[in-house]
Amino acid sequence: MRDRPGFADAVADRVWRAFWKNKGHPLSLLTGLVRESFGAGPIPTALVAQEDDTFIGTVSIIACDEATRPQYTPWVAALWVEPDYRRRGIGAALVEKAAALAFGAGAERVYLLSGPNRRLFYERLGWSVLETTDDGMFILSREA
Ligand SMILES: CC(C)(COP(=O)(O)OP(=O)(O)OC[C@H]1O[C@@H](n2cnc3c(N)ncnc32)[C@H](O)[C@@H]1OP(=O)(O)O)[C@@H](O)C(=O)NCCC(=O)NCCS
């Protein structure tokens, strides 16, 4: 996204709609979080999938996605693929790129949070369940 800053609004909008809106958080919160990915990096970094000038999807690598587990870092988070582009391997490619970026930045292990409905998707990509959170989410991890 550092190379294509014009996609920042789409990233904030989609991630807000998918994960934050129904918890009562304003879009401006996401706009601010997404802006953090314009720093020097490598963490946080937002990746964008694009076709010409069309936004297709996004994923981020962030320091912490689960406040109760500050010992775990970094995390792959905020994965989103536009509905018309799903089931073509783009989500898997974004997760792979994000993990590779984290490992390239020196991480030995990378983490992500998944609901029960996405657990299998990540397990097929080589991730393993590490723990379950109190609210029924799965923490999965992958080693370099
Ligand atoms: C989850 C999400 C990112 C997946 O994106 P995607 O681009 O469809 O992902 P992929 O195409 O890599 O894989 C999705 C499924 O399509 C299958 N698939 C991949 N390429 C395919 C192809 N060419 N033909 C048919 N199916 C294919 C995969 O095997 C996978 O199947 P599974 O769900 O049984 O594991 C997308 O559904 C999404 O944005 N959902 C809303 C947000 C969300 O839930 N984010 C994740 C939070 S943990």
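**View 1. Contacts of Ser114 in a predicted model.** Away from its neighbours within four places in sequence, Ser114 touches Arg119, Tyr122, Met137, Phe138 and Leu140. The model is predicted. Ser114 belongs to strand S4, which spans residues 109–114. Its relative accessibility is 2%. Ser114 is therefore classed as buried, since the cut-off for buried is under 20%. Arg119, one of the contacts of Ser114, also makes a polar approach: its backbone nitrogen sits 3.3 Å from a polar atom of the Ser114 side chain.

View 2. Strand S1 covers residues 45–51 and strand S2 covers residues 54–62. The two strands run antiparallel and are joined by 7 bridges. Thr45 faces Ile61 of S2 across the pair. Between the strands lie 2 residues. Asp52 has a positive phi near 55° in this hairpin.

View 3. Arg87 places a backbone N or O atom 2.8 Å from a ligand oxygen. Gly91 also contributes from its backbone, with a polar atom 2.8 Å from an oxygen atom of the ligand. Arg118 uses its side chain: a polar atom there lies 3.1 Å from a ligand oxygen. On its own, the ligand has 930 Å² of accessible area, and the protein covers 69% of it.

Definitions and conventions: Residues numbered from 1 in each chain as written. Predicted model: local features only at pLDDT ≥ 70, side-chain atom pairs only at ≥ 80, totals over all residues. Heavy atoms only, no water. Pairing = 2+ DSSP bridges. Helix = DSSP H or I, 4+ residues; strand = E, 2+ residues; numbered from the N terminus. Buried < 20%, exposed > 50% of the residue type's maximum accessible area, 1.4 Å probe, protein only. Polar contact = N/O pair within 3.5 Å; in protein donor to acceptor, adjacent residues only side chain to side chain. Contact = heavy atoms within 4.5 Å. Areas by Shrake-Rupley, 256 points an atom, 1.4 Å probe, with all protein chains shown as cover.
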